[in-house]
Structure formats: C-alpha cells, structure tokens
Amino acid sequence: MLRVENLTKTYRGAARTVRALDGVSLEVAAGEFVAVEGPSGCGKTTLLLAAGGLLRPDAGRVMLRGEDPYALTPEARAAWRAAQVGFVFQQFHLIPYLTVLDNVLAPSVALPSADGDKRAREWIGRFGLADRADHVPAELSTGERQRVALARALLNRPALLLADEPTGNLDPASAAVVLGHLAEFAKSGGAVLLVTHDPLGAEYAGRTLRMAQGRMLNDKC
C-alpha cells in the first residue's frame, strides 16, 4: 500500500541545519497498523507529512498504491490526498467557526461527492456525535474533537490513515476509543501509520518501529 524509499529532508536555518530524515525507508501493507515511536525532534512528523504528500522530500520516493504524489502537479496532488489519505493530528485542526458536520465535510472541497453529506452524517453517528452535528468545536470535549477529526479523515474512504500523536491530548479512555477506530480501519483493509509517544498506541499496532536522529531503527516487535 505505502512504500517510502530512502527519504531525506533537511531544514536549514540561520543558526543551524537539521537533517530531519536521513535515508528513511518503510512499507505499510493494506490491513496493517504500524506505529513509529521516538523522541521529539527525531523526524516522525516530517515522515508523516512526506508520506502524505504534504512535504516534498529532498531525495527519495513515496509510493502509495503505485503512484508517486510528487510526480503530480500541486492541484492533482491535492486531489490525490483528498482521495487516498486521511490525516489525524494531535491538535485536531478543526475549523473553529464551522459546525461538526461542516468540519467533517471539509475534504469534499477538494473531492466533491454527491453523497458527501450523507456519508458525513453516517460517520458522525458512528462516532456517537449525532447530537453534536450542529455544534462548533469549542462546545465539544477534547475526545469529541478528535472523533470529529477522525470522521473527517475517513469521509472520502482513504486507502491510508496517517495519525500524528492523535492521543496526545486525550485521557486514557478517549485515547482507547480513537486507537480502537484506527485498528478497526486497518482490519477493514486500510493501512495505518501512527507516530506516537503513547505506549498505548504500540499496544494497538501490529508492528512498532523506532526512529532516532532522522533514521529508522530495527522493528521492536
């Protein structure tokens, strides 16, 4: 499903240069849930952004379902992301002035669909938020906000879910709910790549990798 090959990415600033990715390679198969652990600043988020077509690497290649997003025009790559990739972030990135329903529908801007509204309401109901559809994010708990973000990520039936510390702001019960949904997505045939500091995340994953200083180390299990 997902293959990244020898990715490198360097950030250059006035005071220092940081090699965030240093020849990183990995594969995530359909139906697989892979977690990546590592200290802050080791390159985990950079890896996710590159894998999702949001951050062009300096070298190396990203392939999802046999297609390289960086070979596409920016417009085509945006449509590719909307169709193939769902993102879930620690800070939720919900639009504060939009309702739950409109936040979940946000990916349909890049990939319009005649049944988008119906599917959005189905996901909202599935995540136990039917009575919150007309609320804005400020009226939700942190756990509810993350469920909205997950519903948004799943709206367009992506092949791949990329999750960046999705349980970082959640209590253990809410974290277990979110991780359980990620595991369910993998069991249904999707691919999940999770980066996390939370030991609970590794418990749900089928395989755990570790990063350090921009490099991928051996599998932990």
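Is Arg 207 buried or exposed? At 19% relative accessibility, Arg 207 counts as buried, where buried means under 20% relative accessible area, exposed over 50% and partly exposed in between, with a 1.4 Å probe and protein chains only.

The model shown is predicted, so local features need pLDDT of at least 70 and side-chain atom pairs count only at pLDDT 80 or more, while totals for chains, interfaces and linings use all residues. Residues are numbered from 1 along each chain as its sequence is written, and side-chain values use heavy atoms, with hydrogens and water left out.

**View 1. Arg 207 forms a salt bridge with Glu 32.** The closest N and O atoms of the two residues are 2.7 Å apart, and a salt bridge is a side-chain nitrogen of Lys or Arg within 4 Å of a carboxyl oxygen of Asp or Glu. The pair links distant parts of the chain, with Arg 207 in strand E8 (residues 207–212) and Glu 32 in the loop between E2 and E3, 175 residues apart. Helices (H or I, at least four residues) and strands (E, at least two) are DSSP runs, numbered from the N terminus. Glu 32 is also buried, with a relative accessible area of 19%.

**View 2. Asp 22 and Arg 215 are joined by a salt bridge.** Their closest N and O atoms are 2.9 Å apart. Because Asp 22 lies in strand E2 and Arg 215 in strand E9 (residues 215–216), the pair ties together parts that are 193 residues apart in sequence. Asp 22 is partly exposed at 23% relative accessible area, and Arg 215 is partly exposed at 48%.

**View 3. Three strands form an open sheet in the order E2-E1-E4, with antiparallel pairing.** Two strands pair if DSSP finds at least two bridges between them. Strand E2 (17–28) and strand E4 (59–64) stand at the edges with a single partner strand each, so one side of each is left without a neighbour in the sheet. Strand E1 (residues 2–12) pairs with E2 over nine bridges, and Leu 2 has Val 28 in E2 as its bridge partner.

**View 4. Val 148 lies in helix H5.** With 1% relative accessibility, Val 148 counts as buried. Leaving aside neighbours within four places in sequence, Val 148 is in contact (heavy atoms within 4.5 Å) with Leu 94, Val 100, Asn 103, Val 104, Leu 129 and Leu 140. Val 148 and Asn 103 are 45 residues apart in sequence, yet 7.6 Å apart in space, C-alpha to C-alpha.
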